[in-house]
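This tutorial dialogue concerns the reading of a structural model.

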Amino acid sequence: MDQNHAYTAYHPRWLRPHVSTYWWLEKPAYLAFILREGSCMFVAWFTVYLLLLLRAIQQGQAAYEAFLAWSAGPVVVLVNIVSFAFLIFHAITFFQAAPQAMVVHVGHRRLPARVLLAAHYAAWAAASIVVFWLLTGA
Amino acid sequence: MGDRITLQVARYRPEQESEATYDEFEVPCPKDWVVLDGLNHVKDRLDGTLAYRWSCRMGICGSCGMTVNGEPKLTCATFLSEYAPGPVRVEPLRNFPVIRDLIVDIGDFMRKLVRVKPWIVRQVEKPLSAGEYLQTPDELEEYKQFSMCINCMLCYAACPIYGLDPKFIGPAVIALAQRYNLDNRDQGAAARMEVLSEHEGIWGCTFVGECTKVCPKHVDPAGAIQRYKLSAAVDSMKSFFLPRGA
């Protein structure tokens, strides 16, 4: 609304309800949104953690052993468990949102959302299998 | 189910009050009555000073959007019996300044809507003798969903981003811009992008997704905005890597 709009006899004043700072607690959907957006912090933490691991490997055996010992500490384990839970939440909510943004046509037909969703989960499963294979050397 | 239900109706009389108050009215609740029927009963029989907008009673005009028990709803499509035994709280649409009772000022939306040129833009008009602009059913299907918007503004009432930053151009305006961009007869996408690539355009949206949930016509404004972001990002990458055009 035009902030400088002049009040008249017919529009003596508007009522402008204030949005609460805690608006995101008003509805479960708003809270889920804030958690989804906030979960990117945990994604960032895993990126930092991976970089720290790479640095430790690069510095040699002793640094790597020290990194493993630090990672086994209760605080880091707890942080990683919580981060992992948020990472799963982030991935699932991201996948749910993807078909709304992606419109894929095959010929003249638009692919239905569930096909796109299935493709995302299939790619996730495939990537997980590759990582598992790399780790176990199977 | 009781045959009467209590409406708690938000009142705001600017010449008397500086805050909203609530009046309670007991209205009949037959199973075919919608919230708007209850309000009309109040206006006709109980309190003629109640102010609210309505017109078609069939979900086409988009005038009767209000907040019913905290949710943005078309009051002509929301049955009273769903809220039995009540009470039913009826408030003006959120995120808009209230003029009186249940009437909000929609000037902000109207000014934003015009900015995205929600009509078919042609660089050069065909002469009349050349006939119509033809369109196949597949081409119609591309934008049809977005053309169902009735400008009821429920999506603005549901959008916390618009509530926090009224400069945000908002869900319906972007969906309507997309409706014309996806129309093969239109050539105005570049002009619309100038408006929508502003900070308060598509990038203001953080994809809460509530606009899509409350839309009574299943337009999916959130989807329109994310598609817009994706195509804008692809275009800017193309112009970066292929400055002379692909």
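This is a predicted model: local features need pLDDT of at least 70, side-chain atom pairs count only at pLDDT 80 or more; totals for chains, interfaces and linings use all residues.

Q: What is the mean pLDDT of chain B?

A: pLDDT is the predictor's confidence in each residue, from 0 to 100. For chain B the mean is 93, and 98% of its residues reach 70 or more. The model scores ipTM 0.77 and pTM 0.87.

Q: What area is buried between chain A and chain B?

A: The size of an interface is often given as the accessible area lost when the parts come together. Buried area is the accessible area (1.4 Å probe) that two parts lose on being put together, summed over both. Here that area is about 2,500 Å², of which carbon and sulfur atoms give 56%. The contact (heavy atoms within 4.5 Å) takes 26 residues from chain A and 37 residues from chain B.

Q: How many salt bridges cross the interface of chain A and chain B?

A: A salt bridge is a side-chain nitrogen of Lys or Arg within 4 Å of a carboxyl oxygen of Asp or Glu. The rule finds 3 across this interface, and one of the salt bridges in the model joins B:Glu210 to A:Lys27 (3.2 Å, N to O). Over all chains the structure holds 17 salt bridges.

Q: Where in the strands of chain B are B:Arg4 and B:Glu26?

A: Helices (H or I, at least four residues) and strands (E, at least two) are DSSP runs, numbered from the N terminus. B:Arg4 forms a salt bridge with B:Glu26, the closest N and O atoms being 2.8 Å apart. B:Arg4 lies in strand S1 and B:Glu26 in strand S2 (residues 21-28) of chain B, so the pair ties together parts that are 22 residues apart in sequence.

Q: Is B:Arg11 buried or exposed?

A: Buried means under 20% relative accessible area, exposed over 50%, and partly exposed in between (1.4 Å probe, protein chains only). B:Arg11, placed in strand S1 (residues 4-11) of chain B, is buried, with a relative accessible area of 1%. B:Arg4 is partly exposed at 41%, and B:Glu26 is partly exposed at 46%.

Q: Which residues does the salt-bridge network join?

A: B:Arg11 forms a salt bridge with B:Asp23, the closest N and O atoms being 3.0 Å apart. B:Asp23 also meets B:Arg13 in a salt bridge (3.9 Å, N to O). This second pair places B:Asp23 in strand S2 and B:Arg13 in the loop between S1 and S2 of chain B, 10 residues apart. B:Arg13 is buried, with a relative accessible area of 15%, whereas B:Asp23 is partly exposed at 21%. Salt bridges that share partners join B:Arg11, B:Arg13, B:Glu17, B:Asp23, B:Asp47 and B:Asp101 into one network.

Q: Where is B:Trp203 found?

A: B:Trp203 is in the loop between helix H7 (189-196) and helix H8 (210-214) of chain B. This residue is partly exposed, with a relative accessible area of 41%. Leaving aside neighbours within four places in sequence, B:Trp203 is in contact with B:Ser197, B:Glu198, B:Lys229 and B:Ala232.

Conventions:
Residues are numbered from 1 along each chain as its sequence is written. Chains are lettered from A and ligands numbered from 1 in the order in which they are written. Side-chain values use heavy atoms; hydrogens and water are left out.
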